[in-house]
Amino acid sequence: WISENGGVIMFERKYEIVPNAPAHTSWDDYSKISLKEYRNLLETASDDETAFQHFFEENPSFVPGAFELFGSSGHYPYTQSLITQPKLDGGIFNRVPDFIWLAQDSLSFTPVLIEIEKPNKRTFTNAAIQSSDFTQALGQLQEWMSLLSIPENILQFYRCFDIPEWMKKKKFAPQYGLIYGRRAEYENNSILLGKRAQLVPPNVMLASFDRLQPDPKGQDLLCTSLSHGQYTVKTIPPTFRYSPMTADNLSVVNGFDRAITKMNHCSDERKNFLIKRYPYWEEYGSLDNKGVMNSSDCE
């Protein structure tokens with residue numbers, strides 16, 4: 001880098017990566033384990049919405065929208081986390097979303113509000129008419145759309161989620177997702193398949209439970225709860241890695257170090273390493289000048 005007066009400005013890396021750190025669970029191993037657990041859940045608990053709420057909390061990469069529902073952002077969501085059933089001050093919603101991603105790209109702030117229903121709920125009746133369960137679920141999304149079209153509610157949304165000023169400057173462009181039903185209901189029926197494709201407006205993604213699978217872009221995503229503007233880590237996936245590119249998120253969430261001890265499919269050696277290194281990366285994330293960062297550096 002050459003300054004205006006012709007001098008050379010040297011950039012330097014301000015962090016250190018521990019070589020030969022205890023390995024995180026590989027993505028291939030995690031994918032096999034989590035998909036097996038998910039498919040078993042679909043076969044044994046299709047009438048239990050709470051079971052799927054808990055599974056997605058443990059496996060946030062299964063929930064679409066972290067990098068927006070339409071297109072594919074190259075930016076991590078704010079807080080690097082899937083937010084589960086947030087407790088919102090001010091009564092914006094009569095019913096809070098099951099999940100929210102605070103997704104973003106270079107121009108837009110795109111909160112993604114996700115509703116899930118029991119997998120065994122049907123989209124159509126035996127007479128091929130839209131079911132009352134589906135109508136109710138879609139109505140929930142339409143209510144959120146209406147509420148987030150009102151400027152005062154958008155400002156309240158910013159306050160509830162403690163959105164920083166730099167994000168408020170982006171275009172507010174929420175998206176909505178409905179996870180509903182099983183593919184077997186309509187996949188061999190061309191009439192129902194065509195009707196289903198017309199059921200939702202353009203800014204809504206409708207997905208069956210069968211469609212979901214872990215997104216490899218989400219291997220470092222957390223799950224958090226939100227109460228009174230404070231984010232608390234609920235789960236950390238076994239694929240998680242510390243990175244200089246995302247270390248600033250550690251200062252936004254609480255309880256990361258406590259959640260390490262509850263990680264599934266993660267060795268004790270790896271957990272101990274993550275606990276030991278947490279203060280280092282939290283401090284680095286709080287620096288104003290982080291120096292040069294390499295996106296491939298992680299531990």
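Mentor: A definition comes first: a cavity is a set of grid points where a 1.4 Å probe fits but cannot get out, and its lining residues have an atom within 4 Å of a point. Please bear in mind that this is a predicted model.

Trainee: Which residues line the largest cavity?

Mentor: The count comes to one cavity of 30 Å³ or more, and about 70 Å³ of space lies in the largest cavity. Its lining divides into six nonpolar, four polar and no charged residues. The residues that line it are Gln80, Leu222, Phe240, Tyr242, Ser243, Thr246, Ala247, Asn249, Leu250 and Trp281.

Trainee: Gln80 belongs to that lining. What is the phi of glutamine 80?

Mentor: Glutamine 80 is placed in the loop between H2 and E1. With a relative accessible area of 3%, this residue is buried. Although glutamine 80 is not a glycine, its phi is positive, at about 55°.

Trainee: Where does threonine 79 lie, and is it buried or exposed?

Mentor: Threonine 79 has a phi near 70°, a positive value in a residue other than glycine. The loop that holds threonine 79 runs between helix H2 (49-58) and strand E1 (81-84). Because its relative accessible area is 0%, threonine 79 counts as buried.

Trainee: Turning to the pockets, which residues lie nearest the centre of the largest pocket?

Mentor: The largest pocket has a volume of about 500 Å³. Its lining divides into eight nonpolar, seven polar and three charged residues. Of the 18 residues that line the largest pocket, those nearest its centre are Tyr76, Met245, Thr246, Asp248 and Asn249.

Trainee: And which residues are closest to the centre of the second largest pocket?

Mentor: The volume of the second largest pocket is about 360 Å³. Its lining is made up of 22 residues, and the closest to its centre are Val63, Pro64, Gly65, Gln213 and Asp215.

Trainee: How do the residues lining the second largest pocket divide?

Mentor: The residues closest to the centre, including Val63 and Asp215, are part of a lining of 22 residues. That lining divides into twelve nonpolar, six polar and four charged.

Trainee: Why is cysteine 223 too far from the closest cysteine sulfur for a bond?

Mentor: A disulfide requires two cysteine sulfur atoms within 2.5 Å, and the structure holds zero disulfides. Cysteine 223 is buried, with a relative accessible area of 0%. Its closest cysteine sulfur is in cysteine 266, and the separation, too far for a bond, is 17 Å.

Trainee: Which cysteine sulfur is nearest to that of cysteine 266?

Mentor: Cysteine 266 counts as buried, at 13% relative accessibility. Cysteine 266 is in no disulfide, for a distance of 15 Å separates its sulfur from the nearest one, that of cysteine 298.

Note on methods: Residues are numbered from 1 along each chain as its sequence is written. This is a predicted model: local features need pLDDT of at least 70, side-chain atom pairs count only at pLDDT 80 or more; totals for chains, interfaces and linings use all residues. Side-chain values use heavy atoms; hydrogens and water are left out. On a 1 Å grid over the protein atoms alone, a cavity is a set of points where a 1.4 Å probe fits but cannot get out, and a pocket is an open set with protein on both sides within 12 Å along at least five of seven lines; lining residues have an atom within 4 Å of a point. Grid points are joined across faces, edges and corners, and a volume is the space filled by probe spheres set on the points. Ala, Val, Leu, Ile, Met, Phe, Trp, Tyr, Cys and Pro count as nonpolar, Asp, Glu, Lys and Arg as charged, and the others, Gly among them, as polar. Buried means under 20% relative accessible area, exposed over 50%, partly exposed in between (1.4 Å probe, protein chains only). Helices (H or I, at least four residues) and strands (E, at least two) are DSSP runs, numbered from the N terminus.
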